[in-house]
Amino acid sequence: MLSITNQVKNRIIKSSCLMKRMDVSVPEAEKRTGKNAVNMQETYTVYLIESRPSAAVSGGRSCPPDSLWRRYSEFELLRNYLLVTYPFIVVPPLPEKRAEFVWHKLSADNMDPDFVERRRVGLENFLLRVASHPVIANDKVLLHFLTEPDFAHCVCVQQVDSRLRALNATFRVKNPDKHFTEMKHYSDELQSIISQLLRLRVRVADRLYGVYKVHGNYGRVFSEWSAIEKEMGDGLQSAGHHMDAYSSSVDDILEEEEHYADQLKEYLFFAEALRAVCRKHELAQYELEAALMDLTSKKQQREELTTGMLRTFSFKGMTSKLFGQETLEQRDARLKMLEEQIVEGEETVQQKTADREEHMCCAWEDMQRFRGQKARDLREALINYTHMQMNMCRKGILVWTNAKECFSKM
């Protein structure tokens, strides 16, 4: 079976300028111990990133790769930067930080070697995804992440954090775009369905593990039976060995299944990335509506000041009634200030409208690209999962066929 990253690399390497220039991999992970920001001892995992010119790889030349180590938190910093810098792109997700949808025989510890290995594969897959994207692939910060050790210094962390907080703020738009609303609902449903699939898969894995391991009892019983039989002993003993092999084979089967589960998890997190693009569009629409509301208010104030007729209650109007009208000079100064604010407001509305339209156009294009990618990836993953299940059944049939031959020779 091809690994996730090999499948991704084979599919996308032709379409990316960065991937044409550079071969990227995350070949290993390493556990380290050191002091954190508050000077406390901690154990953490770092991942080796290797990159080398693609021309040297395709030409068969021996070229030592550039290599550096990154923590998972640095991958998070890169992705947060991409989320803020490219609000119209469905940014590929990172693999899970802590194990989710785990069946009972697997450890949920994020330092578990098997989990770390699967996360290593997921991080490599993430880098291949972003390095193959037609827009992100040309980003200088991404190239810096792959080649320069001091990555954290080239990203303005405070700016990224403030923009992410703005995206997470609560707001409601008056005129949401129906296409983005439908896409947001789709992402919610996609996330719900994949979550159900993963939960079902955990239940099936638990039961399958139990069924296979119970077959080990056949091996034990046949072995004990063979000890009291002279003519039938060899056949029973051989059948017991086949049952033991069948029982132990489930470990490799379920380990392989985890790779397909990880592919489903990637699209579980992709659904959140898709929803983030829709939310950024809502934010652009909200900012446009706020600018329009402010401009309308300024124009109304200008009209009231020009005509002397108050359409709505205002603190300024109540003050004028209590303390008298403002002087002509004051009125002219305020009118001049309003004219300037209206000009600025019209420019702001024009800019916000252009920003929203640009985001809508670019986001919709990237969503269509994502849809094609999703259809190819999930179709391939589900077909491969089907083949794996068929092979598992064939091996089970072969075990019982061999056991039948052992019984026939008794």
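Two residues are in contact, or touch, when heavy atoms lie within 4.5 Å. The model discussed here is predicted.

Q: Which residues does Ser 25 touch, not counting residues up to four places away in sequence?
A: Ser 25 sits in strand S1. With residues up to four places away in sequence set aside, the residues that Ser 25 touches are Leu 48, Ile 49, Glu 50 and Glu 124.

Q: Is Ser 25 buried or exposed?
A: The cut-off for a buried residue is under 20% relative accessible area. Ser 25 has 15% relative accessibility, so Ser 25 counts as buried.

Q: What is the strand order of the open sheet?
A: The protein chain contains 12 helices and three strands. S1 (22-35) and S3 (66-71) are the edge strands, each pairing on one side only. The pairing is antiparallel, and the order is S1-S2-S3.

Q: Which residue in S2 is the bridge partner of Lys 31?
A: Strand S2 covers residues 41-53 and pairs with S1 in the antiparallel sense over 12 bridges. For Lys 31, the bridge partner in S2 is Thr 45.

Q: Which helix packs on the sheet and touches S1, S2 and S3?
A: Two helices can be compared here. Helix H4 (residues 72-85) packs on the sheet through S2 and S3, and its direction makes about 90° with that of S3. The helix whose direction makes about 100° with that of S3, and which touches S1, S2 and S3, is H6 (residues 140-147).

Q: What is the distance between the closest N and O atoms in the salt bridge of Arg 70 with Glu 74?
A: Side chains of opposite charge can pair when their charged atoms come close. The cut-off for a salt bridge is within 4 Å, nitrogen to carboxyl oxygen. Arg 70 and Glu 74 are both buried. Their closest N and O atoms are apart by 3.2 Å.

Q: Are Glu 258 and Arg 118 buried or exposed?
A: Both residues belong to a network of salt bridges, whose other members include Glu 96, Arg 201 and Asp 262. Glu 258 and Arg 118 are each buried.

Q: Which helices hold Glu 346 and Lys 299?
A: Glu 346 and Lys 299 form a salt bridge, with the closest N and O atoms 3.7 Å apart. The pair ties together parts that are 47 residues apart in sequence, because Glu 346 and Lys 299 lie, respectively, in helix H12 (residues 328-408) and helix H10.

Q: What is the relative accessible area of Lys 299?
A: Glu 346, the salt-bridge partner of Lys 299, has 36% relative accessibility and therefore counts as partly exposed. Lys 299 is also partly exposed, and its relative accessible area is 34%.

Q: How many salt bridges does the structure hold?
A: The pairs Arg 70 with Glu 74 and Glu 346 with Lys 299 are among them. For the structure, the number of salt bridges is 28.

Q: How far apart in space are Pro 93 and Glu 266, C-alpha to C-alpha?
A: Pro 93 is in the loop between H4 and H5 and is buried at 7% relative accessible area. Glu 266 is one of the residues that Pro 93 touches, and Phe 126 and Phe 269 are also among them. In sequence the separation of Pro 93 and Glu 266 is 173 residues, whereas in space it is 6.7 Å.

Q: How many disulfides does the structure hold?
A: Cys 393 is partly exposed, at 46% relative accessibility. Cys 406 is buried, at 12%. A disulfide would need a pair of cysteine sulfur atoms within 2.5 Å. The number of disulfides is zero.

Q: What percentage of the residues of the protein chain count as buried?
A: The accessible surface of the chain is about 23,400 Å², with 54% of it belonging to carbon and sulfur atoms. Among contacts with a separation of 6 or more, 76% come from residues 24 or more positions apart. The chain has 410 residues, and the share counted as buried is 41%.

Note on methods
Residues are numbered from 1 along each chain as its sequence is written. This is a predicted model: local features need pLDDT of at least 70, side-chain atom pairs count only at pLDDT 80 or more; totals for chains, interfaces and linings use all residues. Side-chain values use heavy atoms; hydrogens and water are left out. Buried means under 20% relative accessible area, exposed over 50%, partly exposed in between (1.4 Å probe, protein chains only). A salt bridge is a side-chain nitrogen of Lys or Arg within 4 Å of a carboxyl oxygen of Asp or Glu. Helices (H or I, at least four residues) and strands (E, at least two) are DSSP runs, numbered from the N terminus. Two strands pair if DSSP finds at least two bridges between them. Axes are lines fitted to C-alpha atoms, for helices over the stretch in contact, and angles run from 0 to 180 degrees between N-to-C directions. Accessible areas come from the Shrake-Rupley method with a 1.4 Å probe; for residues, only the protein chains shown count as cover.
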